[in-house]
Amino acid sequence: MTAKEYLNQARHLDALINCRLREIDYWRDMAQSVSGSNFEPHYNPNHPTEAHFVKCIGKIDEIQRGVEEKVAQLIQLRDEINSRIDMLSNHEEQILLRYRYLDGLSWEQIERMMCVSKSTVHRIHGAALQNFSVPQKVETF
């Protein structure tokens, strides 16, 4: 795994968590929606009798458990990435990697924050990736 792939794991995991949180919002909205009356004059044993919102709540619970696991993984990964970034001797490289991979800043934002040109940002980034040490045993998330 390359340094860039390793560092991007945190951004990807964070994006996944945010997607799942939006999905929880969707199911909450579904649980609160009013469904029409399903009056049936005859009992049908094949027709589910469970209320619509109960299924939605079950889905919310399932997704929340998955999100909790992903958040724990993200915390662990961010701690690991921070420790690896701390190993770099160049402070500009440390700052740039944190801005890009932990804070999710764009290249333009990094240029402004560091008060350097676009080419300087990319030069520092390239050097930082070269100097970054990817752990031998990498757990992919």
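**Surface, core and salt bridges of a predicted all-helix chain**

Phe53, Val54 and Ile57 together form a nonpolar surface patch of about 260 Å². Patches are built from residues with over 30% relative accessible area and no salt bridge, like charges being joined within 9 Å and nonpolar side chains (Val, Leu, Ile, Met, Phe, Trp, Tyr) within 5 Å. Accessible areas follow the Shrake-Rupley method with a 1.4 Å probe, and for residues only the protein chains shown count as cover. Ile57, one of the patch residues, belongs to helix H2 and is partly exposed at a relative accessible area of 47%. In this classification, buried denotes under 20% relative accessible area, exposed over 50%, and partly exposed the range in between (1.4 Å probe, protein chains only).

The model is predicted, so that local features require pLDDT of at least 70 and side-chain atom pairs count only at pLDDT 80 or more, whereas totals for chains, interfaces and linings use all residues. Residues are numbered from 1 along each chain as its sequence is written, and side-chain values use heavy atoms, with hydrogens and water left out.

The chain contains five helices and zero strands, arranged along the sequence in the pattern α-α-α-α-α. Helices (H or I, at least four residues) and strands (E, at least two) are taken as DSSP runs and numbered from the N terminus. Of the 141 residues in the chain, 29% are buried. The chain exposes about 9,500 Å², of which carbon and sulfur atoms supply 50%. Among contacts with a separation of 6 or more, 71% involve residues 24 or more positions apart, a contact being defined by heavy atoms within 4.5 Å.

The largest nonpolar core comprises 30 residues, and those with the most contacts inside it are Tyr6, Leu7, Ile81, Leu96, Leu97, Ile110 and Phe132. At least two residues of this core come from each of H1, H2, H3, helix H4 (107-114) and helix H5 (118-131). Such a core is a set of buried Ala, Val, Leu, Ile, Met, Phe, Trp, Tyr and Cys residues joined through side-chain atoms within 4.5 Å. When residues up to four places away in sequence are not counted, Leu97 touches Leu7, Ile85, Leu88, Leu102, His125, Ala128, Leu129 and Phe132.

Side chains of opposite charge can pair when their charged atoms come close. A salt bridge is assigned where a side-chain nitrogen of Lys or Arg lies within 4 Å of a carboxyl oxygen of Asp or Glu, and the count by this rule is five. In one of these, Asp25 pairs with Arg28, with the closest N and O atoms 3.9 Å apart. The two residues are three positions apart in helix H1 (residues 3-32), so about one helical turn separates Asp25 from Arg28. Both partners are partly exposed, Asp25 at 43% relative accessibility and Arg28 at 36%.

A salt bridge also joins Asp61 and Arg65, at an N to O distance of 2.9 Å. Because Asp61 and Arg65 are four residues apart in helix H2 (residues 52-86), their separation is about one helical turn. Asp61 is partly exposed, at a relative accessible area of 37%, as is Arg65, at 46%. A further salt bridge links Asp86 to Arg98, the closest N and O atoms lying 2.4 Å apart. Since Asp86 lies in helix H2 and Arg98 in helix H3 (residues 91-102), this pair ties together parts that are twelve residues apart in sequence. The relative accessible area is 48% for Asp86, which is partly exposed, and 21% for Arg98, which is also partly exposed.

Glu23 is located in helix H1 and is partly exposed at 25% relative accessibility. Glu23 and Lys59 are 36 residues apart in sequence, with a C-alpha to C-alpha distance of 9.6 Å.

A search of the whole structure for disulfides, defined as pairs of cysteine sulfur atoms within 2.5 Å, returns zero. Cys19 is partly exposed at 39% relative accessibility, whereas Cys56 is buried at a relative accessible area of 1%. Cys115, in the loop between H4 and H5, is exposed at 69%. Most residues other than glycine have a negative phi. Cys115, although not a glycine, has a positive phi of about 55 degrees.
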